[in-house]
Amino acid sequence: MSDPEAHPVRISSESVQLQALEPVLEEIRSAVGNIPELLAIAGEIGHTAPKPGEGNTAKLWELLASVTAVDVAAGRVLEPHLDALAILAQSGSEAIETGTWGVFAAEGPGMKLEAKTGPAGNYVLNGAKPWCSLAAQLDNAIITAHTEGNGRTAFAVSLKDPGVSCETPKWTSRGLQEIPSGTVQFEHVKAAPVGDEGWYFKRPGFAWGGMGVASCWFGGAVAMARDFRAALAAGVGNGRNPDQIALASLGEVDRILTSVGGYLAETAERIDAGGLADSGADGSSAWSEALRVRGTVAAAVERVLTVVSQNLGPGPLAFNEAYGKRMADLSLYIRQHHALRDDAQLGALTLDGDAGW
């Protein structure tokens, strides 16, 4: 089994410029494990990367999947940066799109980030925000906070503000070791609103962004499948032909990835055609489709991880650093999906009639 392949991941059958990604993917491969370098590459990619809903959504998802197929942590670095730039563009915000960005919208028990207007009418943030990945190394962030009207609004903030302090968490996970996600404290930090109150969650881009994360998961699964195929091919080269179980397993993985890739391509086309332009997480078809996409991709990734690990056994987990890292990184990353809770949310929307069958 060789180093991670720097080959693009195809989603759309109409994409004809995938080879243009290869130099970028080689840069990613050479920077694996080096977060400052990966952030610098993400910053460069952000200048030219497509934004969802503007006609090239499939190309955006191919970019995210391809980077994640080289290194899951690299995809985890790139995705929020591109999502933040898309959010700023969708809002028409006057925030300057310079430096590197994160998106912090998680909530945690016993923590609350509040936004209040200051004496000059500007907003300031006070409180704590959990699960802020790479906050100490990023320049800026889109962050959600509770407003005086008991709503939630997105704000653009500089993470270099003296009122920002980033916790260094005790990250015991073997997965995504380069990207610990700690709590950030805000004390009188200036913030610029991004959209009106509630806009962040109601915009169609909220659903599109969630599907962009799923394209990263898909890229990680493709990489695992490539590991599996390479191992079987190496065995053939050494006179060890795969048995029927191994061949059947590879066939199952191929079926899974082909069907999921087709689903992503179809969904990207619908987004670009304006078919998923309803509001986001408020019971609309856009959010229902996001739940379907994320659930379908997550289930596919879980199955590919199981099939590949069962067939390849303990050897590569114990002795192949790239394979072991990818397995650990992807296993943690996929846990961003809320599993049965997301299915329950989708079931409720389906019961209300938001289904196409």
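This is a predicted model: local features need pLDDT of at least 70, side-chain atom pairs count only at pLDDT 80 or more; totals for chains, interfaces and linings use all residues.
Empty space in the model was examined first. Rolling a probe the size of a water molecule over the atoms shows where empty space is left. Over the whole structure, the search returns four cavities of 30 Å³ or more. The largest cavity has a volume of about 100 Å³. Its lining is made up of Pro50, Pro52, Leu60, Trp61, Leu64, Glu79, Leu82, Asp83, Trp208, Gly209, Gly212 and Val213. By class, eight residues of this lining are nonpolar, two are polar and two are charged. At least two lining residues come from each of helix H3 (57-70), helix H4 (72-91) and H6. The contribution of H6, four residues, is the most that is given to the lining of the largest cavity.

The largest pocket holds about 1,200 Å³ of space. A total of 40 residues line the largest pocket, and Arg76, Val103, Ala106, Arg294 and Gln336 are those that lie nearest its centre. The lining of the largest pocket consists of 22 nonpolar, nine polar and nine charged residues. Several elements each supply at least two residues of this lining, namely H4, strand E1 (101-104), strand E3 (123-133), helix H5 (199-202), H6, helix H8 (285-312), helix H10 (321-333) and helix H11 (340-351).

The largest nonpolar core comprises 110 residues, and Leu125, Ile142 and Phe218 have the most contacts inside it. H6 provides the largest share of this core, with 16 residues. For Phe218, when neighbours within four places in sequence are left aside, the residues in contact are Val9, Arg10, Ile11, Ala65, Leu257, Val260, Gly261, Leu264, Val297 and Val301.

A charged residue, Asp227, is also found in H6, which spans residues 204-237. Asp227 has a relative accessible area of 6% and therefore counts as buried, the cut-off being under 20%. A polar contact of 2.9 Å joins the side chain of Asp227 to the side chain of Arg326.

Two loop residues were also examined. Lys112 is placed in the loop between E1 and strand E2 (113-117). The relative accessibility of Lys112 is 44%, so this residue is classed as partly exposed. Along the chain, Lys112 and Gly99 are 13 residues apart, and their C-alpha atoms are separated by 26 Å. Not counting residues up to four places away in sequence, Lys112 touches Asn126, Gly127, Ala128 and His146.

Trp171 occupies the loop between strand E6 (164-166) and strand E7 (181-194). With a relative accessible area of 25%, Trp171 is likewise partly exposed. Gly182 lies 11 residues from Trp171 in sequence, and the C-alpha to C-alpha distance of this pair is 8.7 Å. A polar atom of the Trp171 side chain is 3.2 Å from the backbone oxygen of Gly175. Beyond its neighbours within four places in sequence, Trp171 is in contact with Trp131, Leu176, Gln177, Ile179, Pro180, Ser181 and Leu332.

How values were computed: Residues are numbered from 1 along each chain as its sequence is written. Side-chain values use heavy atoms; hydrogens and water are left out. Buried means under 20% relative accessible area, exposed over 50%, partly exposed in between (1.4 Å probe, protein chains only). A polar contact is a pair of N or O atoms within 3.5 Å; within protein, one must be able to donate a hydrogen and the other to accept it, and residues adjacent in sequence count only if both atoms are side-chain atoms. On a 1 Å grid over the protein atoms alone, a cavity is a set of points where a 1.4 Å probe fits but cannot get out, and a pocket is an open set with protein on both sides within 12 Å along at least five of seven lines; lining residues have an atom within 4 Å of a point. Grid points are joined across faces, edges and corners, and a volume is the space filled by probe spheres set on the points. A nonpolar core is a set of buried Ala, Val, Leu, Ile, Met, Phe, Trp, Tyr and Cys residues joined through side-chain atoms within 4.5 Å. Contact means heavy atoms within 4.5 Å.
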